[in-house]
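This short report looks at how charged side chains pair with one another. Please keep the sequence and the structure in view while reading.

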Amino acid sequence: MKCLIVGAGGVGGSLAAFLALAGHEVVCIVRGRHKEALLAQGLRFHSDIKGECVIPCRAVRGDEAASSATGTPCLGISSAEEYDGKADLILVCVKGYSIGSVADCIVRSAAPHTVVLPILNVYGTGPRIARACPGVRVIDGCIYIVGFVNAPGEVTQMGKVLKLVFGARPSDGVSTDELEAVRTVLSGAGIKAILSDDINRDTFAKWGFISAMACTGAYFDATMGALQHPGPERELFTALTRESTALGHTLGIVFREDPVEANLRIIDALAPETTASLQKDLARGHDSEIQGQLFDLLEACEAHGVDAPAYRKVARKFRSLLEDNL
């Protein structure tokens, strides 16, 4: 299958590596120093599932084969402006604030049969990308993974958790057979791919989890080890989860299980040194998803009459910090 990965950071780079190692033709849309390093030295991939490997990379523009002449795994590398090929499957792995900048690339790279699968940490990105990409078939998804860029051209996937949940809404125009074909490709690459019967529920649940995790870690400047034991960090994480759960109930979300129990189970299974990408970005002074993971959720609570004192507490701290940096 021809796979286009839009954004090759911790998530996109890990998925690109898994798919390339499984023999699929993979092209990554990358920019800046990361792109330059990938072309110069290949993708240096450190994975607790796949081990240590270096995947060769080469520049491509259109429908050129990304695989090397010897048939060994290889990644195609391009920019959003340069790539003019067509893909069977497009995985959108950029941060929420970058969606607008990649919409044109998605439209150009999509054929009538193409399936676009966004994997972001903000709720409602499938419908949002569909609005930005008229005529393109966009489904929705979320991922549970610890993945990050160590340095330009170098990606780490940490731990044994790599679960991708995806699905379509009735209006998306993607058949069950097509969804099953995507699941087969992902599963065959070693990714735990789950076809959701309610993607609205599952993407909301992921939003609530990553928001509570990122906001707690950033608020206390703590790793997940601090959340794995009784204390103020675990208490804040639990309070944030309860508030997002109340919002979900107000929106008509029917959860599979109690989100507090489910989210604490995920936290407790993480490596203690784990931190969320939002926390890393804030610490480095980079652009972050603080709007989507903190302020958007709080604004949704306020708009629907859900009391959210824990989210207000976190928001007060970061509003003042952001204002101080203006």
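## Salt bridges overall

Across the whole structure, a search finds 12 salt bridges, and it should be kept in mind that the model is a predicted one.

## A buried pair and its network

One of the salt bridges joins R201 and D202, whose closest N and O atoms lie 2.9 Å apart. Both of these residues, R201 and D202, are buried. The two also belong to a network of salt bridges, in which D197, R201, D202 and R256 are linked.

Another salt bridge brings together the side chains of R265 and E257, with an N to O distance of 2.7 Å. Are these two residues buried or partly exposed? E257 counts as partly exposed because its relative accessibility is 37%, a value that falls between the limits of 20% and 50%. R265 also counts as partly exposed, because its relative accessibility is 47%.

A further salt bridge is formed where the side chains of D307 and R312 meet, at 3.0 Å from N to O. Here R312 has a relative accessibility of 32% and therefore counts as partly exposed, whereas D307 is exposed because its relative accessible area is 54%, and exposed residues are those with over 50%.

Methods
Residues numbered from 1 in each chain as written. Predicted model: local features only at pLDDT ≥ 70, side-chain atom pairs only at ≥ 80, totals over all residues. Heavy atoms only, no water. Salt bridge = Lys/Arg side-chain N within 4 Å of Asp/Glu carboxyl O. Buried < 20%, exposed > 50% of the residue type's maximum accessible area, 1.4 Å probe, protein only.
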